[in-house]
Amino acid sequence: MNTPAPLLEAKNLSMHFSLGGRFTAGGPQVLRAVDDVSLTVERGETLGLVGESGCGKSTLGRALLRLYEPTSGQVLFEGHDITRLGLRGLRPLRPRMQMVFQDPAASLNPRRRVGELVAEPLKVHRRPDGRRYSGGDIRARLVELMDLVGLEADHLERYPHEFSGGQRQRIGIARALALDPALVVADESVSALDVSVQAQIVNLFMDLQDRLGITYVFIAHDLSVIRQVSRRTAVMYLGAIVETGPTDTIFAEPAHPYTAALIAAVPVPEVDGPPRERIVLRGDVPSPLDPPSGCRFHTRCPKAQARCRTEAPQLRPMPAGQMAACHYPLV
């Protein structure tokens, strides 16, 4: 029996940005936002992507959707190598992969009504049979989408500024769902919301997945959110994946010292048991303009040894079931 192919697969994906020019002191520099990342996302699952601010999570999310042109590597979506497709070849796949952005106030045009914003994908793209959506089709779909995300049909006539932050994010989700995508990349989609509203939006994402079978890449820096929504988690540090595997395993038995430090930083109420052992990391995150040699984490790692400064570790299986890039793992 053949194993079904992943919905999304990244192979040795890198996203580098050139900063400065020939007139800049020292010449142009290369910012390695994403460096040699490989991952898979199975159909119907949620892959959580977590790490400190500036580690490359959002850049990776955009590169996976070809919103950025990757520097090297491949992205396979539904069996298509989208890194090799031109704009015309990519267009039929665009409806199948969508994004929900962090700040709905910035991603929704304040001068257009909600109905216009949510309808735009339906006007730009065609139906699966090649025909254009009629006005009646669009109106019916807009009403359906409003119901899906917990809003009313009369909200379509209002402007974004008339809504709360949580409602605006629901509008962003409705727009992403307009063309019935298979994959949605949620880029810090709850981080700008109040805690109570975060819970509502997270529950909405999970409910939509149950009802529609959507696959998510869920980017966040809040580990409690990642733990709630994702079946598998990938931990990023300085543009690279340092640990990946089942979410429950990673939280119960982290193998990489960086993962353990992230988890230890999450406050635990006293009623839930004794506080975790505190792990203090030395120094600041190095610059992606000049990442350390060897293991990228060795400048802050409490377990670093001489080998870590010269030899870059590769992801390898751990006894608990995850993969970790560490010479001296915790498990």
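Two residues are said to be in contact when they have heavy atoms within 4.5 Å. This is a predicted model, in which local features need pLDDT of at least 70 and side-chain atom pairs count only at pLDDT 80 or more, while totals for chains, interfaces and linings use all residues. Residues are numbered from 1 along each chain as its sequence is written, and side-chain values use heavy atoms, with hydrogens and water left out.

**First stop: leucine 7**

Select leucine 7, which lies in the segment before β1 (8–19). Strands here are DSSP runs of E with at least two residues, helices are runs of H or I with at least four, and both are numbered from the N terminus. Is leucine 7 buried or exposed? Leucine 7 is buried, with a relative accessible area of 1%; buried means under 20%, exposed over 50% and partly exposed in between, using a 1.4 Å probe and protein chains only.

Now display what surrounds leucine 7. Apart from neighbours within four places in sequence, its contacts are Val41, Glu42, Arg43, Leu76, Phe77, Glu78, Ala182, Leu183 and Thr215. Then select alanine 304 as well: 297 residues separate it from leucine 7 in sequence, and the two C-alpha atoms are 37 Å apart in space.

**Second stop: helices α4 and α6**

Select residues 114–124, helix α4, together with residues 165–177, helix α6. Their axes come within 7 Å and cross at roughly 30 degrees. The axes are lines fitted to C-alpha atoms over the stretch in contact, and angles run from 0 to 180 degrees between N-to-C directions. Which residues make the contact? From α4 they are Val114, Leu117, Val118 and Pro121, and from α6 they are Ile171, Ala174 and Arg175.

Next, select residues 257–264, helix α10, where 8 of the 8 residues are buried. Among them are Pro257, Tyr258 and Leu262.

**Last stop: the whole protein**

Finally, display the whole protein, whose secondary structure comes to 10 helices and 12 strands. The C-alpha atoms fill a box of roughly 65 × 55 × 55 Å, taken along the principal axes. Of the 331 residues, 47% count as buried. Among contacts with a separation of 6 or more, 62% join residues 24 or more positions apart.
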